[in-house]
Every structure is written in C-alpha cells, then in structure tokens.
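The sequence and structure come first.

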Amino acid sequence: MDSDERERERASVVRMLPAVAPRKLAKVPFVELADGRLQGVVSSGSDIARVYVSSISARDHGLSCSTNNNRPCGGLRGSYPCKHISALVSEAIVQYGIDQVARYLRVEVPEDGHLIGALNPVHEPAPAAVVFSRFLRHLAYLEFPGSTAPIPELQWFPATTGVTR
C-alpha cells in the first residue's frame, strides 16, 4: 500500500467519540453537532404529542426554536434562549462534554460552567424540517430487530474497533 492509499484510507474514516455520560432521552431525544449548528429535538413540557426543533448556530450564535411544522416557540424572545434551547445545551454537554460543545460554538468555557451565558445570541430562524427528518430516520433504526449483521444503510459508518490487516 503506498502513502497515497494510506492517506486516503485514513481520511475516509471519521473518528467516533463515545458519549461522555449516558443521556436520558425523554426530554431531548436527539442532539447533534452538525451543519454548523448545535441542533436537536426537544419534547414539549405541556403536550406529549409536540416536539420542538431547537438550534444554535456556531458562528453568530443564532437561536432558533420551533415545532417540527415551523410554528415558532412562544418562549424564545429575541436573543433570550427558551427552555428548549437550555435543555438542548444541557444534553449536548452530557453527550459531547462541555469542552467539545464550547469549541464547536466557538466560545470560551466560563468559570461558572454556564455555557449559555458565554453566548452572544441573536434570533435567527432556521428551518426545522432537515433536523426533524434526520431525527425520524434515527428513530426508524429502533424498529430493526437486534442483530450483529450489517445494516446496508449504515455501511458508511466507521467501525468502532480498529481495523487490522
């Protein structure tokens, strides 16, 4: 194997990070650092059938929170985060660790550890459909029976153990 092939193989594998701590999925069933945003799905506190898609953009800390059918969150007031965004940040810290989340959002971790206080947020509506459809796709995998056989849709994910030749 020449150096070009080794470099291509190394670059084609994404390093998977294990969760920092186990998460409780009832309040925030889906959280990710993707597309230049901390984004996820947060359950409504008042209606079991309603979920909110919340996000914070990494560059300008644009806050967005709406239902999956783009109805705005009543608690998001301008640049003041709603309880859905606060829950999203809390669960992202559990999932990825405060240092990783702060690096992604491009802020310094404050001494008090309150990451939302380090943001300089603005209101920036973002479409919820992409995040919500990604969440639904992840839910579909829960319907698969337990198996050690490969799932064709997930073949592009890297192995969780080292590859030996």
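## Salt bridges

In this predicted model, the side chains of Glu-32 and Arg-134 form a salt bridge with an N to O distance of 2.6 Å; a salt bridge here is a side-chain nitrogen of Lys or Arg within 4 Å of a carboxyl oxygen of Asp or Glu. The two residues are 102 apart in the chain, Glu-32 in strand β1 and Arg-134 in helix α5 (residues 129-140). Both Glu-32 and Arg-134 are buried, where buried means under 20% relative accessible area, exposed over 50% and partly exposed in between (1.4 Å probe, protein chains only).

Arg-134 also forms a salt bridge with Asp-35, with the closest N and O atoms 2.9 Å apart. Asp-35 sits in the loop between β1 and β2 and Arg-134 in helix α5, so this pair ties together parts 99 residues apart in sequence. Asp-35 has 48% relative accessibility and therefore counts as partly exposed, while Arg-134, at 17%, counts as buried.

The count comes to three salt bridges. Asp-47 and Arg-50 meet in one of them at 3.5 Å, N to O. Asp-47 is partly exposed at 27% relative accessibility, and Arg-50 is partly exposed at 31%. Shared partners join Glu-32, Asp-35 and Arg-134 into one network.

## The sheet

Five strands make an open sheet of mixed pairing, in the order β1-β2-β3-β4-β5. Strands pair if DSSP finds at least two bridges between them; helices (H or I, at least four residues) and strands (E, at least two) are DSSP runs numbered from the N terminus. The edges are β1 (30-34) and β5 (122-123), each with a single partner strand, so one side of each lacks a neighbour in the sheet.

β1 and strand β2 (residues 37-43) run antiparallel and are joined by five bridges. Leu-33 has Leu-38 in β2 as its bridge partner.

## Helix packing

Helix α2 (residues 83-96) packs against helix α3 (residues 98-105) at an angle of about 120 degrees, with the axes 7 Å apart. Axes are lines fitted to C-alpha atoms, for helices over the stretch in contact, and angles run from 0 to 180 degrees between N-to-C directions. Ala-92, Ile-93 and Tyr-96 of α2 meet Ile-98, Gln-100 and Val-101 of α3, contact meaning heavy atoms within 4.5 Å.

α2 lies across β1, β2, β3 (51-57) and β4 (62-67), at about 110 degrees to β2. α3 lies across β1, β2 and β3, at about 120 degrees to β2.

## Basis

Residues are numbered from 1 along each chain as its sequence is written, and side-chain values use heavy atoms, with hydrogens and water left out. Local features need pLDDT of at least 70 and side-chain atom pairs count only at pLDDT 80 or more, whereas totals for chains, interfaces and linings use all residues.
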